[in-house]
Amino acid sequence: MLTVRKAAVVGAGVMGAQIACHLANVGIPVRLLDIAPQELTPEEAKAGLSLADPKVRNRITNTLFNRAVKLKPSPLYASDLAAGVRLGNLDDNLDLLADVDWVIEAVVERLEVKQKLHRRIEAVVPAEAIVTSNTSGIPLHLIGEGSRPSDRRRFFGTHFFNPPRYLRLLELIPTADSDPTLIEGFGRFAESVLGKGAIRCKDTPGFVANRIGCFAIQDAIWLMLEDGYTIDEVDAITGPAMGRPRTATFRLCDLVGVDLMVQMGANMSAALVHDPARDRLKVPEFLQEMARRGWHGKKSERGFYAKVEGPQGSEVLTLDLKTMEHRPRQKAAFPSLDSAAAIADPGQRIKALVEAPDRAGQFAWKHVSATIVYSADRIPEIADDIVTVDRGMRWGYNWELGPFEICDALGPQYVAKRLEKEARPVPKLLAELLSAGKKLFYEMHDSQPLYFDLGKRAALPVPPPPGKINLKLLRRDGRVVHSNHGASLIDLGDGVACVEFHSKMNAIGGDQVNMIRESLDIVRKRFEGLVIGNQAEHFSAGANLMLMLTQIQNEEWDEVDLMIREFQNVNMSLRAFEKPVVAACHGYCLGGGCEMSMKAGHVVLAAETYAGLPEVGVGLIPGGGGTKEMLIRSTEGIKSNDVSDYLPALARAFETVGFAKVGTSALEAVRYGYFRPSETTILVQGDRRLDAAKAKVLELAAQGYVAPQPRSDLPAVGIAGLSALRLQLHMMHKAGYISEHDKLIGLKLGAIFTGGDLSGFQRVSEQYVLDLEREAFLSLCGEPKTIARIQHTLKTGKPLRN
């Protein structure tokens with residue numbers, strides 16, 4: 001595989017600085033260069049500095065990079081990784097490129113600027129270094145004009161999507177001169193090292209994702225104008241109901257920048273002279289007017305939406321296109337949207353929406369069908385196959401399904417007949433599919449996914465995505481060993497089983513706890529070990545709060561107590577199980593999900609795992625063993641019977657749990673102490689997590705795995721430590737940093753970490769601490785403000801401080 005030991009990014013703007021950060025995330029030392037200043041700032045002049053002063057030379061690069069590392073969400077897995085980026089300027093430090101393996105150019109989108117810069121880069125880099133451009137639309141072959149043949153061989157496009165850390169797509173755009181072997185090797189490097197989903201695009205305007213994505217945005221805007229919809233209505237229709245993110249259409253425009261949308265639309269319309277949909281890509285006058293007014297979206301705090309402060313607090317207003325003024329948002333009232341919200345499967349959800357007779361359904365059909373037709377007509381212009389387009393839209397725009405997957409969900413024959421009925425042309429690709437006797441663009445044959453290829457008019461194997469294990473295919477092939485309504489046990493092969501949750505957000509309730517317990521009995525008899533994981537959006541968002549709230553409101557205290565006991569017991573069983581248990585986590589790994597994974601013998605974390613114990617935010621404490629585990633992890637390196645030796649470590653753990661700190665990356669979660677480094681594997685390519693977890697089970701089993709036994713020697717510092725925490729809480733409350741309810745939660749939490757009112761230092765059992773956890777949890781459940789916090793969290797998805 002291609003090796004990149006050092007890299008450089010030239011251009012420290014929004015994309016360049018963040019690309020440099022992501023390279024630092026994955027351990028590649030990177031140099032970041034931008035232009036040197038041409039004039040002094042007033043502050044520099046006042047300080048008596050000159051343009052030759054070292055403090056001035058790198059000012060532009062420093063400013064842009066510092067701005068990037070402060071972004072939220074952060075482009076870095078952890079703030080100290082910024083040290084992996086060395087800053088410089090193009091006039092003084094171009095020689096820093098002399099020993100790099102890869103240079104990414106990410107400067108302003110002007111052809112002449114890029115051409116001149118590439119000639120300078122080519123004169124400095126090693127003979128075998130790869131040089132790529134992050135251009136979002138300038139033809140790559142034009143940038144390469146004037147280069148030597150040897151340089152053109154090592155040049156191609158690498159188009160990252162913003163933000164580079166979080167969006168999976170990386171478009172690779174070769175020119176006619178690019179070395180195919182280099183492209184192939186770089187694709188593997190991008191997937192395995194950078195954690196990207198790499199697709200190969202043609203050197204055409206907008207490449208793949210932006211070509212389809214820009215059309216989809218523009219089509220929605222023009223439909224709104226033609227048929228008299230409002231911005232609120234269009235965003236309600238084109239969001240999750242249509243299998244797209246909550247940013248929908250206009251929130252996405254505000255996020256990208258209205259000014260950039262105008263520029264992209266103008267560039268696309270100018271470049272695509274022969275595109276049949278060119279008129280759809282033209283920029284509407286009201287968008288240009290917004291740009292003239294400086295209403296650029298989120299960066300100017302005013303765009304299609306504006307956040308303002310009013311008597312009742314902050315309020316989000318929506319632009320009224322008739323008056324060009326912002327007004328209170330108006331909820332879209334369409335029955336079909338309410339019905340669609342209850343459908344989990346994206347294909348069924350979109351199908352229900354486009355078949356609905358109300359105005360939302362009418363808009364959805366016009367828009368979805370137009371996007372399908374446009375995408376089909378772009379094959380093979382922008383890509384050789386439909387898989388590339390579908391992956392591009394899923395990975396780059398976060399659509400749940402790509403255009404051809406949506407067509408399959410609706411039924412290609414249904415789409416063709418409805419187009420014909422409306423006297424709209426059926427795209428050649430769709431017509432060829434049906435004439436070839438195929439019913440779908442994608443089909444299965446002997447457990448092999450196939451796609452319809454236009455050139456061969458036949459079904460070809462779908463290029464495998466990263467990770468061999470596919471739970472959906474295993475379920476289809478009858479590999480489910482045991483199941484209930486909320487979870488399944490699936491045979492992964494080679495003597496390894498996997499527990500998969502399938503509740504909403506993979507929340508943990510009775511079904512999931514029962515499945516873990518029953519699975520351990522099955523694995524004990526039939527398997528070498530167990531993986532806990534899934535291929536949904538999140539590992540687990542924690543306990544089923546709705547169920548818990550119902551029990552609390554009904555004062556079913558025995559049921560709440562039993563639920564906590566059973567969850568504690570099953571987590572203890574995982575740790576003590578005689579065969580290896582490996583948790584494969586990704587996305588949200590919160591609350592009960594985090595507690596369960598903490599008890600596994602090993603944890604495989606996708607780099608983008610957001611793990612922690614946020615229960616304090618809903619008025620509770622971690623009650624499934626999480627508090628106990630933080631006590632163990634924070635003190636296990638201390639060999640002493642002196643209370644003072646434990647207090648700093650306990651204070652850090654108390655702060656982590658008490659302030660509901662959640663790691664914003666797998667690395668940060670490990671640093672918070674939620675996972676032991678020795679028992680954790682972090683994967684940048686998160687889609688391989690189940691494969692890695694299965695391999696780890698087999699590795700541990702082959703090594704003669706021996707499970708740790710419950711401990712009876714946990715340190716309890718007693719009243720001395722508890723008094724210190726009480727004083728800290730009192731001072732924080734007095735200063736107004738925490739509420740009365742926060743103070744109560746802190747006192748309960750402190751009693752667990754210290755062992756309660758013990759007269760002096762003692763050693764206690766895990767069960768002793770678990771009992772303290774359960775008692776604290778139950779006592780807080782009866783607090784009215786806890787109920788209010790849970791209700792607020794269920795309604796808004798955010799914790800409430802009271």
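## Contacts along the chain and overall form

Among contacts in the protein chain between residues at least 6 apart in sequence, 70% join residues at least 24 apart. The structure described here is a predicted model. Its protein chain contains 33 helices and 23 strands. The radius of gyration is 28 Å, close to the 28 Å that the globule rule gives for 802 residues, so the chain is as compact as a globular protein of that length. Taken along the principal axes, the box filled by the C-alpha atoms is roughly 80 × 75 × 65 Å.

## Surface, interior and charge

Of the 802 residues in the protein chain, 55% are buried. The chain carries 96 positive and 97 negative side chains. The centres of these two sets of charges lie 1 Å apart.

## Aspartate 561 in helix α24

Helix α24 covers residues 557-576 and includes aspartate 561. Is this aspartate buried or exposed? Its relative accessible area is 17%, and because buried means under 20%, aspartate 561 counts as buried.

The side chain of aspartate 561 forms a polar contact of 2.7 Å with the side chain of arginine 565. An α-helix has 3.6 residues a turn, so residues three or four places apart point the same way. When residues up to four places away in sequence are not counted, aspartate 561 touches Arg774 and Leu778.

## Two cis peptide bonds

Lysine 72 and proline 73 are joined by a cis peptide bond, with omega about 0 degrees. Proline 73 is situated in the loop that runs between α4 (59-69) and β3 (85-89).

A cis peptide bond also links isoleucine 379 to proline 380, and here omega is about 10 degrees. The loop that holds proline 380 lies between α16 (359-377) and α17 (386-397).

Serine 375 belongs to helix α16. At 0% relative accessibility, this serine counts as buried. Leaving out residues up to four places away in sequence, serine 375 touches Ile212, Val389, Pro403 and Phe404. Pro403 and Phe404 are among the buried residues of α18.

The loop between α17 and α18 (403-410) contains asparagine 398. Its phi is near 60 degrees, a positive value in a residue other than glycine. With 43% relative accessibility, asparagine 398 is partly exposed. How many of the eight residues of α18 are buried? Seven of them are, and the helix is mostly covered. The buried residues of α18 are Pro403, Phe404, Glu405, Ile406, Cys407, Asp408 and Leu410. After α18 comes glycine 411, which has a positive phi near 100 degrees.

## The loops on either side of α27

Glycine 637 is located in the loop between α26 (626-635) and α27. This glycine is exposed, with a relative accessible area of 69%. In sequence, glycine 637 and alanine 649 are twelve residues apart, while their C-alpha atoms are 9.9 Å apart in space.

The loop between α27 (643-658) and α28 (666-671) holds alanine 660. Although alanine 660 is not a glycine, its phi is positive, at about 50 degrees. The relative accessible area of alanine 660 is 18%, and this residue is buried.

## Methionine 261 in helix α12

Methionine 261 is part of helix α12, which comprises residues 258-271. With a relative accessible area of 7%, methionine 261 is buried. Which residues does methionine 261 contact, leaving aside its neighbours within four places in sequence? They are Ile217, Cys253 and Val256.

Methionine 261 and histidine 296 are 35 residues apart along the chain, and their C-alpha atoms are separated by 9.2 Å.

Note on methods: Residues are numbered from 1 along each chain as its sequence is written. Side-chain values use heavy atoms; hydrogens and water are left out. Helices (H or I, at least four residues) and strands (E, at least two) are DSSP runs, numbered from the N terminus. The radius of gyration is taken over C-alpha atoms; the globule rule is 2.2 Å times the number of residues to the power 0.38. Buried means under 20% relative accessible area, exposed over 50%, partly exposed in between (1.4 Å probe, protein chains only). Contact means heavy atoms within 4.5 Å. Lys and Arg count as positive and Asp and Glu as negative; His and the chain ends are not counted. The place of a charge is taken as NZ of Lys, CZ of Arg, CG of Asp or CD of Glu. A polar contact is a pair of N or O atoms within 3.5 Å; within protein, one must be able to donate a hydrogen and the other to accept it, and residues adjacent in sequence count only if both atoms are side-chain atoms.
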